[in-house]
Amino acid sequence: MEEILAKFVSQKISKTRWRPVPPGSLQTADTFATGSWDNEENYVSLWSIGDLGSLDSDGGLEGDHQLLCDIKHHGDVMDLQFFDQERIVAASSTGCVTIFLYRPNNRALSVSQQWTTAHYHTGPGSPSCSSAPCTGVVCNSPEIVTVGEDGRINLFRVDHKEAVRTIDNADSSTLHAVTFLRTPEIITVNSIGQLKIWDFRQQGNEPSQILSLTGDRVPLHCVDRHPNQQHVVATGGQDGMLSIWDVRQGTMPVSLLKAHEAEMWEVHFHPSNPDHLFTCSEDGSLWHWAASTDGPEKSSLFHQGGRNSTFLSHSISNQANVHQSLISSWLSTDPARDRIEITSLLPNRTLSVNTLDVLGPCLVCGTDAEAIYVTRQLFS
């Protein structure tokens with residue numbers, strides 16, 4: 001893999017996302033957004049990646065990601081998603097959800113729409129309406145789903161002033177992240193180790209399915225769904241473990257993989273090459289997991305410089321009843337095939353790596369060390 005390029009940006013980065021490329025386009029990702037947190041003033045920013053890295057004063061490679069534009073953001077950016085090529089949705093620690101409009105012609109960001117009190121605490125011990133952080137957002141045009149510390153789920157539609165649907169007491173604990181399982185269904189993860197599936201076609205306020213980690217109720221911080229096999233879901237939690245779930249069966253993870261030494265903040269399947277998965281952690285590491293079952297090909301993906309290890313997953317349930325050819329490599333339980341290779345992508349441990357995103361051959365991540373790292377050649 002080519003050198004990963006660093007850019008120091010004088011703000012702690014909480015979230016980063018690639019701007020989607022037009023459907024059917026052959027171009028690779030060249031623009032990404034970041035959101036900051038824990039700074040005197042926080043920003044949502046858009047960056048363009050240059051062609052080459054330049055040497056910094058220490059002789060290391062420094063990225064020439066160029067700042068295209070930025071806009072002040074009230075509160076910490078808790079989550080960030082592109083709604084489409086022009087619009088970015090930001091979730092705030094103030095409970096507000098904002099859609100920012102990007103105008104490429106004059107390189108400017110502006111507020112397009114806002115739901116100021118999307119998430120808030122009510123009841124005994126809280127003021128009449130005290131804000132609660134909006135912790136997660138997911139977009140599937142024309143809909144936007146948000147979750148928060150208040151245990152509330154909102155379904156918004158662009159250009160609608162009010163929520164189309166709200167599940168007020170969806171969870172008695174903090175909801176940490178949300179993603180779509182399929183169009184009317186979402187998955188949430190919470191602070192007591194539960195993964196819940198919600199179906200917006202159902203009128204009630206109860207989840208259609210609850211899965212959970214056994215034993216200690218370890219908070220789950222992140223979730224992603226396999227892009228091709230929608231029943232395969234990955235989560236990461238406070239203990240740094242990577243959990244793989246098959247939501248068609250059982251109530252527990254299929255595999256638990258020992259991973260990071262501290263909280264796992266994000267997990268992402270590669271959108272077009274889902275035998276590859278990426279995780280980042282409070283412990284300052286960024287990992288590339290390859291679960292492809294072809295031994296010889298796998299080694300060619302990894303070059304020296306990474307922490308190459310082979311991990312065996314600890315399988316919890318028996319998959320014998322599922323037809324082998326349909327099994328995702330993430331659900332395989334044959335020890336001879338069940339090899340997962342892990343490569344560390346950052347040359348040195350840093351402060352917390354809070355966020356990552358992958359699109360095509362490009363990866364970007366952001367850290368508490370006020371650095372953004374980018375590579376454009378993940379699989380070379």
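**A walk through the model**

Hi everyone, let's start with a proline: P142 sits in the loop between β14 and β15 (143–148). It is joined to S141 by a cis peptide bond, with omega at about 10°. The strand names come from DSSP: strands are E runs of at least two residues, helices are H or I runs of at least four, and both are numbered from the N terminus.

A word on the source. This is a predicted model, so residues are numbered from 1 along each chain as its sequence is written, and local features need pLDDT of at least 70, side-chain atom pairs count only at pLDDT 80 or more, and totals for chains, interfaces and linings use all residues. Side-chain values use heavy atoms, with hydrogens and water left out.

Now the overall picture. The protein has one helix and 34 strands. Of its 380 residues, 54% count as buried; buried means under 20% relative accessible area, exposed means over 50%, and partly exposed is in between, using a 1.4 Å probe and protein chains only. Take the contacts between residues at least 6 apart in sequence: 53% of them join residues at least 24 apart. Contact here means heavy atoms within 4.5 Å.

Next, the largest pocket. How much space lies in it? About 1700 Å³, where the volume is the space filled by probe spheres set on grid points, joined across faces, edges and corners. The search uses a 1 Å grid over the protein atoms alone; a pocket is an open set of points with protein on both sides within 12 Å along at least five of seven lines, whereas in a cavity a 1.4 Å probe fits but cannot get out, and lining residues have an atom within 4 Å of a point.

Of the 50 lining residues, R17, D79, Q81, V137 and H268 are the closest to the centre of the pocket. Which strand gives the most to the lining? That is β18, with seven residues. Strands that supply at least two residues each include β2 (13–18), β8 (77–82) and β26 (264–269). By class, the lining has 24 nonpolar, 14 polar and 12 charged residues. Asp, Glu, Lys and Arg count as charged; Ala, Val, Leu, Ile, Met, Phe, Trp, Tyr, Cys and Pro as nonpolar; the others, Gly among them, as polar.

On to some loops. H226 lies between β22 and β23 (232–237) and is buried, at 3% relative accessible area. A polar atom of the H226 side chain is 3.0 Å from the backbone nitrogen of Q229. That is a polar contact: N or O atoms within 3.5 Å, one able to donate a hydrogen and the other to accept it within protein, with sequence-adjacent residues counting only if both atoms are side-chain atoms. Beyond four places in sequence, H226 touches V232, F269, P274, S328 and W330.

D159, by contrast, is exposed at 66%. It sits in the loop between β16 (153–157) and β17 (165–167), and its phi is near 75°, a positive value in a residue other than glycine.

Finally, cysteines. C280 is buried, at 0% relative accessible area, and C362 is buried at 1%. Thanks, everyone!
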